Amino acid sequence: HAFQPDLLIGFSWGGGVTAWLLAHRRWTGAAVLLAPTVRAMACIQCGSFPKLPHPLETAPVHVFHATDDGFCPQSQVLEFQAAGCEMHVMDDNHVLCCRASIEAITQCV
């Protein structure tokens with residue numbers, strides 16, 4: 001309990017876990033979700049996209065999404081936008097390793 005992070009960063013499956021933590025209000029601090037596989041996680045559990053609080057009752061939440069990502073469908077962008085997340089749609093693939101993506105992520109954190 002002594003560890004009190006200022007920021008939670010989750011990539012891919014970890015980004016999906018972060019989204020679920022936000023939805024269940026287990027995390028209310030700042031968060032950065034990098035290519036979160038939320039739709040895939042929902043499919044595996046035969047569920048739906050997590051119900052994120054709207055407007056977000058948390059610190060800022062930034063979501064980085066790639067235009068060429070076979071794991072994260074474009075429909076997630078609308079879901080995160082509707083929840084009040086700040087979207088960063090990058091011309092990249094799932095790993096978000098293009099120079100512009102790295103610079104945008106670095107500026108965000």
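**Close-ups of a predicted model**

View 1. The chain carries four helices and four strands (DSSP runs numbered from the N terminus: H or I of at least four residues for helices, E of at least two for strands). Followed along the sequence, they run β-α-β-α-β-α-β-α. The radius of gyration, taken over C-alpha atoms, is 13 Å, close to the 13 Å that the globule rule (2.2 Å times the number of residues to the power 0.38) gives for 109 residues, so the chain is as compact as a globular protein of that length. This is a predicted model, with local features needing pLDDT of at least 70, side-chain atom pairs counting only at pLDDT 80 or more, and totals for chains, interfaces and linings using all residues. Numbering starts from 1 along each chain as its sequence is written, and side-chain values use heavy atoms, leaving out hydrogens and water.

**View 2. The largest nonpolar core.** A nonpolar core here is a set of buried (under 20% relative accessible area, 1.4 Å probe, protein chains only) Ala, Val, Leu, Ile, Met, Phe, Trp, Tyr and Cys residues joined through side-chain atoms within 4.5 Å. This one has 16 residues, and those touching the most other members include Leu 22, Leu 52 and Phe 80. Helix H1 (13–23), strand E2 (30–34), strand E3 (61–68) and helix H3 (75–82) each give two or more residues. H1 gives the most, with three.

**View 3. Around Val 63.** Leaving aside residues up to four places away in sequence, Val 63 touches Leu 33, Pro 36, Phe 80, Cys 85, Glu 86, Met 87 and His 88 (contact means heavy atoms within 4.5 Å).

Note on methods. Buried < 20%, exposed > 50% of the residue type's maximum accessible area, 1.4 Å probe, protein only.
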